[in-house]
Amino acid sequence: MNQTLPAERTAAGPVRRRRVIYVPGYDPFHARRYRELYRTEARDQAAISGYSIEIEGQNGRDLYSWHVTGEIEGARVEADISLLAWSDIVKGSMERGLFQTYLQAVRTLWVYGRSGALRGVMRLSKGPGIAALYPATFLTLQMLIALLAAWSIGWAIALVAPWWAGLAGLLAVRPVLSFFARHDNLILARYLLHNYAFSSEIGGANPPALEARIEEFEEVLAEAMAGNFDEVLVVAHSSGAHIAVSMLSDLIRGGRAPEGGPVLSLLTVGQVIPMVSLLPTAARLRADLNFLSASDRLTWIDVTAPGDGCAFALTDPVAVSGVAPENQRWPLILSGAFTQTLSPERWKELRWRFFRLHFQYLCAFDRPNDYDYFRITAGPQTLAQRLGHRKPSPSAKRDVVSKQRTMELRDV
C-alpha cells in the first residue's frame, strides 16, 4: 500500500482561504446544532491551545453555513463552512409505527445475517457489532414487559369478571410500547435500529432520495472547487463518510477536480463505512471505495479512536470490503487516541457516554496532539501538511471480511 503524499500536497503554500464542507451522519437534528457545537467547542479549544477563532453566522440567510476567522500559528485564515443537510431524509426513515418497528428489526437482521454482513461487522469491531444486536435485544425486552403488564392487568380483571374479560389487558401493550418509544433518547434502541435499517433498506444501495441528494451535494462541492480557495476540505462524520466517498468519487471521475484548482482533502471521522459496504447491493459504494483509494487528486485521512464504541475504529474500509486495488493509496488510518488526548478526568466523564463520545472528533480536547479539529478547519496548513507526516496506525484492520465484492461505477 503506497501512502506517499503527492508532492504538490505537501509543498502547497499556506492556506489563507478554505472552504469546509461538512457531511453529517445519520442524524435527525437541524444544522444549527452543528453550528452551535462548532462555536462552543472552538471557543474551548482556543482557550486551551492559545489561539484565536471567531465564528459568524450568515445574518439569518443561511442556517447551513457559517464563517470562521482563525488567528492560528501566526497566520490569519478565513474559512467558510457549510453543512450538507440530509436530516429530512433521516427523519422520514424514522417515521415507523410501534409494530412496524418490530417488522423492521426482523427484516434488518435477516438482510445482515443472510448476506454475511453481520458476521463481518462482528469480526471487525465489538462496538458496531453490539450496536447491530442491541436494538433487537431491547425491543424484545420492551415487548416482554408490555405483555407482562397486559397479563397482570388481565389476571386482575379475571378475578372479578369472566375470564374472557381479562383479554382487555392486551390494551395495555400499545401504551407501554409508546412509553418506551417516547423515552428512546435514553437508550437509543430505536435510533440504532433505524440507522441499520436505513443502510439495508434496499440491501446496501442508496435509497433514491439519498442518491438524489448526493447529486445535489456534488454540485456544492464542484462550485467550491471552482472558487478562489487554497483548500477545499470535506469533513464526513459517521454515516456521512460513505456519502462523502461517493460524492468525491463522482466529482473526480467527472473531471471536476482539475489540476491547478484548490487542494482537495477528505477527513473522515468516526466512520461506519463497513456497515454499508459489506451489504450485497452496495456495489456502487464498493466501486467508489476502490476508485477513491487510488486517486492522486486528493488526500484522504481517516481518524477513529478505539474508545469510540460507535465507529469501526482503526479499520481500513477499502481493504476490509475486499476492493483494495494494488495501487491503494488511501485512506491514511490514524488514531484519535482519546485516552491520551483527553485528561483522565475528562475521559472518566465521557467514557460511558457512547453517543457523545462518537462526536468527540468535532469537539475540544484538553490534551490535544496534532489532531485538532479547529486547527484543521481554520489553521494555515492543509490536511496533508498537518497530518500527512503521520505513519498509519500499526493496529489498523485490513483483513478482508466481506463476502460481497461486486462493484458498479455510477455514470457521471
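Biologist: Which strands does helix H10 lie across?
Modeller: In this predicted model, helix H10 (residues 240–253) lies across strand E1 (17–23), strand E5 (231–237), E6 and E7. The helix runs at about 145° to E5, where axes are lines fitted to C-alpha atoms, for helices over the stretch in contact, and angles run from 0 to 180 degrees between N-to-C directions. Contact means heavy atoms within 4.5 Å. Helices (H or I, at least four residues) and strands (E, at least two) are DSSP runs, numbered from the N terminus.

Biologist: What should I know about the numbering and the model?
Modeller: Residues are numbered from 1 along each chain as its sequence is written, and side-chain values use heavy atoms, with hydrogens and water left out. As this is a predicted model, local features need pLDDT of at least 70 and side-chain atom pairs count only at pLDDT 80 or more, while totals for chains, interfaces and linings use all residues.

Biologist: What is the strand order in the sheet?
Modeller: The open sheet has 8 strands in the order E2-E3-E4-E1-E5-E6-E7-E8, with mixed pairing. Two strands pair if DSSP finds at least two bridges between them. Strand E2 (52–56) and strand E8 (332–335) are the edge strands, each pairing on one side only. From one strand to the next, the twist averages 20°.

Biologist: How many bridges join E6 to E7?
Modeller: Strand E6 (residues 263–269) is joined to strand E7 (residues 299–304) by 5 bridges, and the two run parallel. Leu-266 has Trp-300 in E7 as its bridge partner.

Biologist: Now Glu-218: is that residue buried or exposed?
Modeller: Glu-218 counts as buried because its relative accessibility is 4%; buried means under 20% relative accessible area, exposed over 50%, and partly exposed in between (1.4 Å probe, protein chains only). Glu-218 is found in helix H9 (residues 208–225).

Biologist: Which residues does Glu-218 touch?
Modeller: Not counting residues up to four places away in sequence, Glu-218 touches Ser-246, Met-247, Asp-250, Leu-251, Arg-256, Arg-284 and Arg-410.

Biologist: And where is Arg-351 found?
Modeller: Arg-351 is found in the loop between helix H15 (344–350) and helix H16 (354–358). Its relative accessible area is 26%, so Arg-351 is partly exposed. Leaving aside residues up to four places away in sequence, Arg-351 touches Gly-307 and Leu-357.

Biologist: Finally, how many helices and strands does the protein have?
Modeller: The protein has 18 helices and 8 strands. Of its 412 residues, 58% count as buried.
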